[in-house]
Amino acid sequence: MMTSSGTAVNHHPGFLPSPLSITLRRSLPTSRFLLSITRLSITQFLSQNRKCSRWRPGEEQGAGGAGCCAESPGAVLSLKVTARPRPPRGPVPAAMLLLLFMALTLHVGAGVPGDPLLTLLRLVIEGPAQEVPPSALNLTFDPGTWTLTWLCSGDITVTSCFANQTLHGRPKRQRMQNPRGCHCQFRPLTLHLGVTLEVNATMGNVTFQERLDYVMPGPPGSEAVNISCEIHDATAMTCAWRAGPAAPPDARYFLILRNATGHQLPGCPGGPTPSGCRIDDVTGLPRLLHVTVAGWSWSGGALRAYDVILNTKAIEQLSPPRDVTGSCNFSHCAVSWAPPQTWAAMGFADFRYELEFLSDTDLDAMVTVSSRPENRFEFPSPEPRAGHVVRVRAGDVRSKRWSAWSERVEFGATLPALPRLRVYIIVVAATLTCALGLALAWRR
């Protein structure tokens with residue numbers, strides 16, 4: 001704190017001039033200090049040896065003083081000024097807060113958990129923390145559509161959803177960022193392995209998380225096992241399973257098919273069965289098919305379900321090639337065929353073929369033919385020839401799938417075939433003739 005004083009003298013008659021300007025002997029930068037008058041006095045002289053009145057700040061000037069000033073030939077004013085440092089302006093607190101934040105960052109980076117400086121900074125920036133009630137979101141899960149739903153509230157904003165599970169020994173995590181509405185619909189989940197659902201949300205200046213663990217209902221071990229499905233003949237699908245080790249003797253199971261959005265598709269006709277069923281119409285099946293085998297029994301009630309996600313193209317069993325034929329001219333023979341009919345769309349470049357020759361020829365027993373538009377294999381076979389026997393099967397170039405063999409096809413024979421009985425008689429007669437000749441020669 002600094003103090004300065006000054007004096008002003010008025011030699012003119014009448015009242016003191018207004019406004020009154022006083023120049024201090026010591027100049028102070030007003031941008032850094034606040035100036036205040038702590039003492040002010042006015043002395044008026046009526047004559048050379050007479051003082052009229054004296055007035056201080058905070059005192060009311062009396063009538064005598066005012067009259068005295070009216071005839072005053074002169075006055076002397078004295079004051080005392082006190083200077084205090086001016087408090088920092090707007091940018092200064094921001095700079096101090098920045099320095100505080102930098103110091104906090106370095107402090108927390110040094111590995112000091114739970115530091116009170118962090119709590120102080122959060123209180124300064126965010127204000128007092130709001131208290132989040134337990135189960136504020138009231139999470140619910142629909143296993144039929146893989147949809148997680150929570151309670152809508154204007155005070156709560158959900159920022160992300162997660163579905164966590166373990167598949168084939170590896171953790172798998174689905175994430176949905178900034179979901180719309182009050183739900184998250186995940187891609188198809190394999191629920192018999194269990195799934196942990198998470199929701200991250202904010203309420204005011206508080207970030208919190210809620211979890212929900214989902215496990216298939218029903219007695220453990222009662223679910224169907226060894227589930228397999230196969231599309232065959234390009235028109236049908238057959239699924240098979242076995243009852244679980246803990247299933248009651250009267251356990252029956254039924255098939256539920258869903259697409260990627262959870263929409264249920266037509267299942268097996270005829271009701272629950274103990275070991276499998278057949279679907280004769282597969283025209284509406286999607287590429288990714290979610291299959292659930294659920295069950296029940298009269299003695300045990302509802303059984304635990306088992307689900308699996310199938311790639312319908314991968315489970316299709318290829319049919320054998322169609323229209324397999326053979327033809328020959330005087331020097332060559334050829335085998336031709338038509339590609340098999342499939343449920344999934346496949347072009348000629350998706351197939352490969354194997355030809356197996358079952359007759360005595362100069363060719364290898366097995367010939368692999370790469371895909372070609374004409375589906376034809378030609379090889380040299382001059383006349384005369386005994387003929388050929390061949391069968392063909394089809395395979396997928398992107399997998400190890402092979403179809404069953406086609407029916408055998410015989411073609412190309414130019415030599416007359418002798419009846420088997422005649423051949424047998426000729427062989428026996430020749431053998432007897434040789435034996436008789438040797439016996440006659442021995443006697444001689």
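The protein chain has a mean pLDDT of 76, with 66% of its residues at 70 or more. Where pLDDT is low, the predicted coordinates should not be read in detail.

An open sheet is formed by three strands in the order S5-S6-S9, with antiparallel pairing. Strands S5 (140-142) and S9 (183-185) are at the edges and have a single partner strand each, so one side of each lacks a neighbour in the sheet. From one strand to the next, the twist averages 15°. Three bridges connect S5 with S6 (residues 147-149) in the antiparallel sense. Thr 140 has Thr 149, in S6, as its bridge partner. Strands of a sheet pair through backbone hydrogen bonds, either parallel or antiparallel.

The disulfide count is five. One of these joins Cys 152 to Cys 182, with an S to S distance of 1.4 Å. The Cys 152 and Cys 182 link is right-handed, with 130° about the S-S bond. Distant parts of the chain are linked by this pair: Cys 152 is in the loop between S6 and S7, whereas Cys 182 is in the loop between strand S8 (170-177) and S9, 30 residues apart. Ser 153 also has its place in the loop between S6 and strand S7 (156-167). With a relative accessible area of 34%, Ser 153 is partly exposed. The C-alpha atoms of Ser 153 and Cys 182 are 9.0 Å apart in space, and the two residues are 29 apart in sequence.

A disulfide is also formed by Cys 161 and Cys 184, whose sulfur atoms are 2.1 Å apart. The torsion about the S-S bond of Cys 161 and Cys 184 is about 65°, and the disulfide is therefore right-handed. Because Cys 161 lies in strand S7 and Cys 184 in strand S9, the pair ties together parts that are 23 residues apart in sequence. Both Cys 161 and Cys 184 are buried. In the disulfide of Cys 268 and Cys 277, the sulfur atoms are 1.6 Å apart. A torsion of about 45° about the S-S bond makes the disulfide of Cys 268 and Cys 277 right-handed. Cys 268 is buried at 18% relative accessibility, and Cys 277 is buried at 14%.

The salt bridge count is eight. Side chains of opposite charge can pair when their charged atoms come close. Arg 393 and Glu 354 are both buried. Arg 391 and Glu 356 meet through their side chains in a salt bridge of 2.6 Å, N to O. As Arg 391 lies in strand S24 and Glu 356 in strand S21, the parts tied together by this pair are 35 residues apart in sequence. Arg 391 is partly exposed at a relative accessible area of 22%, whereas Glu 356, at 16%, is buried.

In the salt bridge of Asp 280 with Arg 278, the closest N and O atoms are 2.5 Å apart. Asp 280 is exposed, at 53% relative accessible area, and Arg 278 is partly exposed, at 41% relative accessibility.

Several backbone features are also noted. Glu 383 and Pro 384 are joined by a cis peptide bond with omega of about -10°. Pro 384 belongs to the loop between strand S23 (376-380) and S24. Asp 233, although not a glycine, has a positive phi of about 55°. The loop between strand S12 (225-232) and strand S13 (236-242) contains Asp 233. Asp 323, likewise a residue other than glycine, has a positive phi near 55°. Asp 323 is in strand S19 (residues 322-328) and counts as exposed at 59% relative accessibility.

Definitions and conventions
Residues numbered from 1 in each chain as written. Predicted model: local features only at pLDDT ≥ 70, side-chain atom pairs only at ≥ 80, totals over all residues. Heavy atoms only, no water. Pairing = 2+ DSSP bridges. Helix = DSSP H or I, 4+ residues; strand = E, 2+ residues; numbered from the N terminus. Axes fitted to C-alpha atoms, helices over the stretch in contact; angles between N-to-C directions. Salt bridge = Lys/Arg side-chain N within 4 Å of Asp/Glu carboxyl O. Buried < 20%, exposed > 50% of the residue type's maximum accessible area, 1.4 Å probe, protein only. pLDDT = per-residue confidence, 0-100. Disulfide = S-S within 2.5 Å.
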